[in-house]
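This briefing sets out selected features of one protein model for computational work. The points are grouped by topic.

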Amino acid sequence: MGCGCGGTGGGGGCGGETRPAVELPVNAPLFEELPNENDEIDDEAQEASAPVQLIATSEQEWPRAKVNGVAISPEAIARELQYHPADTRNEAVFLATQALVLRELLQQRIAELGLQVTAENGESEEEAATRALIEKEIPLPLADDAACQQYYQGNQQRFFSAPLLAARHILLACPADDAEARSLAREQALTLLEQLAQAPQRFAELAQAHSACPSKAQGGALGQISKGQTVPEFERQLFRLPQGLCAQPLESRYGYHLVFVDQRIEGQQLPYEAVAGTIRAELNQRVWQIGVSQYLQNLVAAANIEGIRIQGAETPLMQ
């Protein structure tokens with residue numbers, strides 16, 4: 001069983017794009033096996049034959065979408081489905097078709113302008129051409145220092161250094177789905193907590209005797225912990241604790257934890273100079289998203305699109 005402190009080995013705790021294959025909805029009758037064209041193939045030939053291919057049963061399964069007269073094929077929609085998880089098949093098909101329509105609009109505009117671009121490292125030719133199109137046709141004003149300063153002044157609560165804790169814990173491990181084991185572990189935790197309340201100096205002794213975490217060898221010490229180094233449900237509780245022995249066991253997926261906070265260093269306000277680059281990048285990204293969304297809306301409005309109704313604002317470019 002893993003350790004509840006969830007340590008990553010990076011200074012806190014105990015240390016304790018290839019696209020996926022196409023997955024189509026099970027209930028959708030999209031595919032069927034091709035009929036065998038030769039019913040008399042002998043056994044040896046069957047063993048040597050290629051794997052059975054699949055083909056869409058009917059175009060009625062898919063939208064008949066066209067972009068300025070160019071059809072979006074059912075096969076393309078089927079391939080695109082895997083990149084658009086949704087609650088229902090209809091929603092996934094819509095999102096996949098929308099993405100292909102917007103991509104076709106961009107490709108048609110690229111061809112119309114005759115853009116020719118050399119792809120950079122890690123870029124496909126299509127990605128490079130799309131980047132060049134956006135740079136050419138979408139005015140994207142960059143955030144100046146005044147805008148960044150204004151954002152900083154209005155959102156200072158966002159710009160604090162992370163708090164640091166030096167803490168010890170005793171993990172009483174139990175499976176997350178075993179209610180009886182959970183109940184017994186909590187009872188044991190409360191019993192040990194009573195002992196620690198009377199004699200907190202026994203923490204290391206009790207950690208060595210009862211903890212299921214490797215940190216028990218150091219008396220339960222987790223070292224210096226910052227946010228992001230522990231499992232989320234443990235972290236949410238841990239960073240609310242004051243210095244000293246926690247009066248209640250903390251529960252995580254791994255069990256119950258008795259925690260003693262030895263030191264707490266609060267986060268401090270970061271100066272503007274330390275976060276100016278981050279703010280500028282965020283504001284520029286917002287401008288980029290707005291500009292691309294409006295540009296796509298204009299392309300949609302000017303195009304002859306059949307088989308699907310879209311606004312043009314939502315697209316994989318915006319993700």
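Asn 68 counts as partly exposed, because its relative accessibility is 40%, which falls between the cut-offs of 20% for buried and 50% for exposed. The model is predicted. Asn 68 belongs to the loop that lies between β3 (66–67) and β4 (70–71).

- The phi of Asn 68 is positive, at about 50°, although the residue is not a glycine.
- Once its neighbours within four places in sequence are left aside, Asn 68 is in contact with Leu 105, Gln 108, Ala 303 and Asn 304.
- Asn 68 and Leu 105 are 37 residues apart in sequence, and their C-alpha atoms are 8.5 Å apart in space.

**Val 67 in strand β3**

- Val 67 is found in strand β3.
- Val 67 counts as buried because its relative accessibility is 0%, and the cut-off for buried is under 20%.
- Not counting residues up to four places away in sequence, Val 67 touches Ile 72, Val 101, Glu 104, Leu 105, Gln 108 and Asn 304.
- A C-alpha separation of 9.2 Å is found between Val 67 and Gln 108, which are 41 residues apart along the chain.

**The protein as a whole**

- The protein contains 9 helices and 10 strands.
- Of the 319 residues in the protein, 35% are buried.
- The accessible surface of the protein is about 19200 Å², and carbon and sulfur atoms account for 48% of that surface.

**Helix α3**

- Helix α3 covers residues 89–113, and its 25 residues should span 36 Å at 1.5 Å a residue.
- Gly 114 follows α3 and has a positive phi, near 70°.

**Packing of α3 against α9**

- The axes of α3 and α9 are 10 Å apart, and the two helices pack at an angle of about 85°.
- The helix α3 is therefore roughly perpendicular to α9, a description that applies to angles from 65 to 115 degrees.
- On the α3 side, the contact is made by Leu 102, Leu 105, Leu 106 and Arg 109.
- On the α9 side, the contact with α3 is made by Tyr 295, Leu 296, Leu 299 and Val 300.
- The residues of this contact of α3 with α9 comprise 7 nonpolar, no polar and 1 charged.
- Leu 105 of α3 takes part in the contact with α9, and Leu 105 also touches Val 67 and Asn 68.

**Packing of α5 against α9**

- The axes of helix α5 (residues 145–154) and α9 come within 9 Å and cross at roughly 105°.
- The residues contributed by α5 are Asp 145, Ala 147, Cys 148, Gln 149, Tyr 151 and Tyr 152.
- The residues contributed by α9 to the contact with α5 are Tyr 272, Val 275, Ile 279, Arg 280, Glu 282, Leu 283 and Arg 286.
- By class, the residues of the contact of α5 with α9 are 8 nonpolar, 1 polar and 4 charged.

**Ala 281 in α9**

- Ala 281 is placed in helix α9, which covers residues 272–302.
- With a relative accessible area of 47%, Ala 281 is partly exposed.
- The C-alpha atoms of Ala 281 and Ala 143 are separated by 8.3 Å, while the two residues are 138 residues apart along the chain.

**Ala 217 in a loop**

- The loop between α7 (203–210) and β6 (221–226) holds Ala 217.
- Ala 217 counts as exposed because its relative accessibility is 58%, and exposed requires over 50%.
- Ala 217 and Ala 204 are 13 residues apart in sequence, with a C-alpha to C-alpha distance of 8.8 Å.

Note on methods
Residues numbered from 1 in each chain as written. Predicted model: local features only at pLDDT ≥ 70, side-chain atom pairs only at ≥ 80, totals over all residues. Heavy atoms only, no water. Helix = DSSP H or I, 4+ residues; strand = E, 2+ residues; numbered from the N terminus. Expected span 1.5 Å × (residues − 1). Buried < 20%, exposed > 50% of the residue type's maximum accessible area, 1.4 Å probe, protein only. Axes fitted to C-alpha atoms, helices over the stretch in contact; angles between N-to-C directions. Contact = heavy atoms within 4.5 Å. Nonpolar A, V, L, I, M, F, W, Y, C, P; charged D, E, K, R; others polar. Areas by Shrake-Rupley, 256 points an atom, 1.4 Å probe, with all protein chains shown as cover. Parallel < 35°, antiparallel > 145°, perpendicular 65-115°, else oblique.
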